[in-house]
Amino acid sequence: YVFRKVQARHFESADKYYTPFISPTATHKFSNKQLREFLPENNAGICLVPQLIGHDAGDFLWACGELKAMGYDEVNFNLGCPSGTVVSKKKGSGLLSEREMLTSFFDEVFEKSPVKVSVKTRIGRLGTEEFSALLELFSRYPISELIIHPRLQTQQYKGRPYLPAWEAALKEYKRPLCYNGDLFTAEKIGDFLETYPETEIVMLGRGLVSNPAIIGEAKSGIKAEKAEIKDFHDELFALSRERIGQDKPLIMHMKELWFYLGSSFEDAEKHLKALKKAQTAADYISAVNALFASCELKESPGFYI
């Protein structure tokens, strides 16, 4: 939630932000960590959609009721997470191959949910041929928005998205659609929308972390200055430090950011190595300042794989 807050303050914000997924359990109680993500006071001024994962309709509906009471009118159901530990529990994209369980879940959820339910999905577990049946299943329910990441569960985040699946969805699916997958730069967003002009909505993940100004750049073509990225980073670091406190977990947290953000800088390898070696806040700040002083933003900032 700190990243969302700071990104929206410094750059053009997204129309919607999504929380990391939350797995409601039979205890019917949110943890303090989960609550921090979607407490309204932590997300003032932005449109936030809580994301839920699981396969138990009762637990899901309990969470929907609690979130409605907090003022939310939509939740997102995650059918996309490819992690082995998630899939083994028949959650995330692990549920895509459990067609009867998924159908039963949807039957109850869409009959009883007090809020709109959008769905984020992959196109199958093992083979692209699975997507046709999944798309037919999705079409039976009043899904408020279907977000498609056109990879299989077994691909994790490797390989390229299977775009024929997106083409099929544009042709066959009659409710709101959103595309997600490998839109890492403003140029890639523009190229994708030129290739698929019927696309009305795209979702960004790694692209936004690697370049927090990407939304404004994609819309207007005006690129952020390095000083603006520095101001964004410094506030993100300060608020993260205030929340986390101790140096070690703070530095580990910020190193995850630089795995993506570092892709947006030219000739940054030496400074990124120094960042990886940092063990204290002082060492970290020194390495960050050196990187900003020595390295320029790439002509097309974003995540490169």
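Buried means under 20% relative accessible area, exposed means over 50%, and partly exposed is what falls in between, using a 1.4 Å probe and protein chains only. Keep that in mind for Arg 140, which counts as partly exposed because its relative accessibility is 48%.

What you're looking at is a predicted model, where local features need pLDDT of at least 70, side-chain atom pairs count only at pLDDT 80 or more, and totals for chains, interfaces and linings use all residues. Residues are numbered from 1 along each chain as its sequence is written, and side-chain values use heavy atoms, leaving out hydrogens and water.

Let's start with the whole chain. The protein chain has 14 helices and 8 strands; these are DSSP runs numbered from the N terminus, with helices being H or I of at least four residues and strands being E of at least two. Along the principal axes, its C-alpha atoms fill a box of roughly 55 × 45 × 35 Å. Among contacts (heavy atoms within 4.5 Å) with a separation of 6 or more, 72% come from residues 24 or more positions apart.

Another stop is Lys 120, found in strand β5, which spans residues 116-122. Lys 120 is buried yet has no salt bridge, and the nearest side chain of opposite charge, Asp 182, is 10 Å away. Here Lys and Arg count as positive and Asp and Glu as negative, while His and the chain ends are not counted. Leaving aside residues up to four places away in sequence, Lys 120 touches several others, including Phe 77, His 149 and Met 203.

So where do charges pair up? A salt bridge is a side-chain nitrogen of Lys or Arg within 4 Å of a carboxyl oxygen of Asp or Glu, and by this rule the count comes to 12. One of them joins Arg 140 and Glu 136, at 2.9 Å from N to O. Glu 136 is partly exposed, with a relative accessible area of 42%.

Glu 296 and Lys 226 meet in another salt bridge, at 3.2 Å from N to O. Glu 296 lies in the segment after α14 and Lys 226 in helix α11, so the pair ties together parts that are 70 residues apart in sequence.

Asp 234 forms a salt bridge with Lys 230, their closest N and O atoms being 2.8 Å apart. Both Asp 234 and Lys 230 lie in helix α11, 4 residues apart, or about one turn of the helix. Elsewhere, salt bridges that share partners join Arg 151, Arg 160, Asp 182 and Arg 206 into one network.

Finally, look at two loops. Lys 90, between α4 and α5, has a phi near 60°, a positive value in a residue other than glycine. Asp 267, in the loop between α12 and α13, has a positive phi too, near 50°. Lys 90 is partly exposed at 35% relative accessibility, whereas Asp 267 is exposed, with a relative accessible area of 65%.
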